[in-house]
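Hello! Here are some notes to read with the model open beside you. Take the points one by one and look for each place as you go.

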Amino acid sequence: MQGAGCVLCGRPTYDPDKRERPWARGVSGGRQVLTCPQCQVTRPGWDASLDRCESCGSTRLSLTLDEVTCRACGRIQGTVDVTDPVVQHLLEP
Ligand SMILES: [Zn+2]
Ligand SMILES: [Zn+2]
């Protein structure tokens, strides 16, 4: 995704002013995408197309190699949550 811009308006990436919100990183359809500060403000539902964490619902997902990790709760998407009581019950012999 080097040299990519905003997934919504195509604006090239830049370092936002300190007072501005940062670019939002997310994952959409298995691709890392960026949303510029302006689109986050001016487009309601700008994050609707982003994938969400299976565990906490956050769109703050990070794509690394072939894994999508939630930066809000640390959950790796598409894996079994072994701390889930339902899963623990299924894993019992
Ligand atoms: Zn934009
Ligand atoms: Zn999460």
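1. Let us start with a pair of facing residues. Leu61 stands opposite Cys70 in strand E4. Strands (E, at least two residues) and helices (H or I, at least four residues) are DSSP runs, numbered from the N terminus. Strands E3 and E4 run antiparallel and are joined by 4 bridges; two strands are said to pair if DSSP finds at least two bridges between them.

2. A word on what you are looking at. This is a predicted model, in which local features need pLDDT of at least 70 and side-chain atom pairs count only at pLDDT 80 or more, while totals for chains, interfaces and linings use all residues. Residues are numbered from 1 along each chain as its sequence is written, and chains are lettered from A and ligands numbered from 1 in the order in which they are written.

3. How far does the predictor trust the model? The score to know is pLDDT, the predictor's confidence in each residue, from 0 to 100. The protein chain averages 89, and 97% of its residues score at least 70. Among the elements, helix H1 (residues 37-42) has the highest mean pLDDT, 95, and helix H2 (residues 85-91) has the lowest, 83. Where pLDDT is low, the predicted coordinates should not be read in detail.

4. Now step back to the whole chain. The protein chain has 2 helices and 4 strands, and along the sequence they come in the pattern β-β-α-β-β-α.

5. Back to the turn between E3 and E4. These strands form a hairpin with 2 residues between them. Leu65 lies in that loop, between E3 (61-64) and E4 (67-70). Its phi is near 50°, a positive value in a residue other than glycine. Is Leu65 buried or exposed? Leu65 is exposed, because 5 other C-beta atoms lie within 10 Å. The cut-offs are these: a residue is buried if 20 or more other C-beta atoms lie within 10 Å of its own, exposed if 12 or fewer, and partly exposed in between, with C-beta atoms placed from the backbone.

6. Ser62 counts as partly exposed because it has 13 C-beta neighbours inside 10 Å. Leaving out residues up to four places away in sequence, Ser62 touches Arg25, Thr69 and Arg71; two residues are in contact if their C-beta atoms, placed from the backbone, lie within 7 Å. The C-alpha atoms of Ser62 and Ile76 are separated by 9.5 Å, and these residues are 14 apart along the chain.

7. E1 and strand E2 (residues 31-35) run antiparallel, joined by 5 bridges. Arg25 stands opposite Leu34 in E2, and the bridge partner of Ser28 in E2 is Arg31. This hairpin has 2 residues between its strands, and Gly29 takes a positive phi near 60°.

8. Which residues make up the largest nonpolar core? There are 9 in all: Cys6, Val7, Val27, Val33, Cys36, Cys53, Leu61, Val68 and Cys70. A nonpolar core here means a set of buried Ala, Val, Leu, Ile, Met, Phe, Trp, Tyr and Cys residues joined through C-beta atoms within 7 Å. Val33 touches Val7, Gly26, Val27 and Ser28, not counting residues up to four places away in sequence. Across the protein chain, 14% of the 93 residues count as buried.

9. Next, the segment before E1 (24-28), where you will find Pro12. Pro12 counts as exposed because it has 9 C-beta neighbours inside 10 Å. Arg19 is also found in the segment before E1, and it is exposed, with 5 other C-beta atoms within 10 Å. Arg19 and Cys9 are 10 residues apart in sequence and 21 Å apart in space, C-alpha to C-alpha.

10. Finally, the overall dimensions. The C-alpha atoms of the protein chain fill a box of roughly 55 × 25 × 25 Å along the principal axes. The radius of gyration is 16 Å, whereas a compact globule of 93 residues would have one near 12 Å. This radius is taken over C-alpha atoms, and the globule rule is 2.2 Å times the number of residues to the power 0.38. Pro12 and Pro93, 81 residues apart along the chain, have C-alpha atoms separated by 54 Å.
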